[in-house]
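Reader: Hi! Could you walk me through this one?
Author: Happy to, here it is.

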Amino acid sequence: MGKWTALVGGLVGGWSFLKIPLEGSFLSAIDPVVDGIGTVAMVVFSGALIYFGVRDWLQK
């Protein structure tokens, strides 16, 4: 169960990187970097969830 929790946590973390408002703060200069990290995290963790889900489903 720990693997699934970690993967969902990474997915939620990527989503939060995409949704965090940085406009008007001193961090607004790194907004494109944060959006890129969020996008990559969403793709990687979503892909891992799909892969492990299908693999576990086929092993049963």
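**Contacts of L18**

Author: Leaving aside neighbours within four places in sequence, L18 touches D35, G38, T39 and M42, where contact means heavy atoms within 4.5 Å. This is a predicted model, in which local features need pLDDT of at least 70, side-chain atom pairs count only at pLDDT 80 or more, and totals for chains, interfaces and linings use all residues. Residues are numbered from 1 along each chain as its sequence is written, and side-chain values use heavy atoms, with hydrogens and water left out.

Reader: Where is L18 placed?
Author: L18 sits in helix 1; helices are DSSP runs (H or I, at least four residues) numbered from the N terminus.

Reader: Now the helices: at what angle do helix 1 and helix 2 cross?
Author: Helix 1 (residues 2–19) and helix 2 (residues 31–59) cross at roughly 155°, and their axes come within 7 Å. Axes are lines fitted to C-alpha atoms over the stretch in contact, with angles from 0 to 180 degrees between N-to-C directions. The two helices are therefore roughly antiparallel, the word for angles over 145 degrees.

Reader: Changing topic, how many salt bridges are there in the whole structure?
Author: The search finds 1, counting a side-chain nitrogen of Lys or Arg within 4 Å of a carboxyl oxygen of Asp or Glu. The side chains of R55 and D56 form a salt bridge at 3.9 Å, N to O.

Note on methods. Parallel < 35°, antiparallel > 145°, perpendicular 65-115°, else oblique.
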